[in-house]
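Please look over the structure shown here before reading on, and keep it at hand while you follow the report.

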Amino acid sequence: MIGTLTVNGMVLSAMPMGEYDKRLTILTVERGKINAFARGARKPNSPLLACSQPFSYGEFTAYAGRDSYTVSGAQVSNYFPGLKEDLARLYLGMYFCEFADYFTREGNDEREVLKLLYQSLRALESKKFPLPLVRRVFELKLISIEGEAPQVSACAVCGKKDEGNGELKHFFIGRDGVVCDSCACRFKQQTGGDGEGVLTGVSPACLYAMQYVVGTPSAKLYRFSLKEEAMAEFGMLVGQYIKKHVGRKMKSLLVLETMGFAQD
């Protein structure tokens, strides 16, 4: 793995190393997620100062050594400067990067994750969408890209499809998807209740939002809104699903919670 390469991607995180260097995690089109050193990037006059910050998106030139990369230059096309104007947006953007870091791997095709991350940071920066909506859309879409999407187009128990007749009125966290009235009634009879909250009602607006996010390309994701009640329901269901399928709590989300900006 020796030579020079050019990759297109985004810096997910930057960690100080030694007195002047940084260790970058970059999500790329060509190599998936890579770790690379930016030598001297912490010096005030370093040409790598700007490109070695989280959210830096563009083209990076790097030397590939035996077991690591070293960034030698970059042409950054977007820094997402608007995120730094608001702490909640900044830390939510950091959470998105951390969430993407958790799921991605070197050598994998991570182009869809990179597209989603870019579009979601643009949505955050635009200030056109409520922060809870952007967060839940990002989470649901990313876990869908990773092959763990909830079943939202048909009953997760019997397979009955959603044909616009309002049959799919429940979300069954135990089966990772929506269920029809018949299966919900049968489940309640078997358990004598709703199984301690694992069976939750889902409104048509919330169901449509979940179907839209799971089935829509990242470039067209942020084209809908939800009323307050539907947003609360959407946030709760996606939150439950993420809690079940993600193995740890992200540090940036913990910071947001201490600031009062995010609660599961």
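Predicted model: local features only at pLDDT ≥ 70, side-chain atom pairs only at ≥ 80, totals over all residues.

For α1 (87-103) and α3 (131-145), the angle is about 5° and the axes are 11 Å apart, which makes α1 roughly parallel to α3. On the α1 side this contact is made by A88, R89, L92, Y95, F96, F99, A100 and F103, and on the α3 side by L131, V134, R135, F138, E139, L142 and I143.

Helix α2 (residues 111-126) packs against α3 at an angle of about 175°, with the two axes 10 Å apart. Since an angle over 145 degrees counts as roughly antiparallel, α2 is described as roughly antiparallel to α3. The residues that make this contact are E112, V113, L116, L117, S120, A123 and L124 in α2, together with L131, V134, F138, K141, L142 and I145 in α3. The pair α1 and α2 also packs at an angle of about 175°, with axes 10 Å apart, and these two helices are therefore roughly antiparallel to each other. Here R89, L92, G93, F96, C97 and A100 of α1 meet V113, L117, S120, L121 and L124 of α2.

Helix α6 (residues 228-245) contains 18 residues and reaches 26 Å from its first C-alpha to its last, close to the 26 Å expected at 1.5 Å a residue. Its buried residues are A230, M231, E233, F234, G235, L237, V238, G239, Y241 and I242. An α-helix has 3.6 residues a turn, so residues three or four places apart point the same way. The buried residues of α6 pack against α1, α3, β6 (168-172), β8 (199-201) and α5 (204-215).

Helix α5 can be described in a similar manner. Its 12 residues should span 16 Å at 1.5 Å a residue, and its end C-alpha atoms are 16 Å apart, which agrees. The buried residues of α5 are C206, L207, A209, M210, Y212 and V213, and what covers them includes α3, β6, β7 (177-180) and α6.

## Aromatic rings and charges

How many aromatic pairs does the model contain? If rings are taken to pair when their centres lie within 6.5 Å, the count comes to 13 aromatic pairs. One of them joins Y95 and F96, whose ring centres are 6.1 Å apart and whose planes stand at 50°, so the pair is tilted. Both Y95 and F96 are buried. Ring pairs also link Y95, F96, F99, Y102, F103 and F138 into a cluster.

Charged side chains meet aromatic rings as well. The charged end of R39 sits over the ring of F37, at 4.7 Å from its centre, while K43 lies over the face of Y20, at 5.0 Å from the ring centre.

Two residues other than glycine have a positive phi. For F55, in the loop between β3 (32-38) and β4, phi is near 85°, and F55 is buried, with a relative accessible area of 2%. For F80, in the loop between β5 (69-78) and α1, phi is near 50°, and F80 is buried, with a relative accessible area of 0%.

Leaving aside neighbours within four places in sequence, Y57 is in contact with G9, M10, V76, S77, N78, F80, L114 and Y118. Y57 and Y222 are 165 residues apart in sequence, and 20 Å apart in space from C-alpha to C-alpha.

Definitions and conventions: Residues numbered from 1 in each chain as written. Heavy atoms only, no water. Helix = DSSP H or I, 4+ residues; strand = E, 2+ residues; numbered from the N terminus. Expected span 1.5 Å × (residues − 1). Buried < 20%, exposed > 50% of the residue type's maximum accessible area, 1.4 Å probe, protein only. Contact = heavy atoms within 4.5 Å. Phe/Tyr/Trp six-rings, centres within 6.5 Å; stacked < 30°, edge-to-face > 60°. Lys NZ or Arg CZ within 6 Å of the ring centre and 35° of its normal. Axes fitted to C-alpha atoms, helices over the stretch in contact; angles between N-to-C directions. Parallel < 35°, antiparallel > 145°, perpendicular 65-115°, else oblique.
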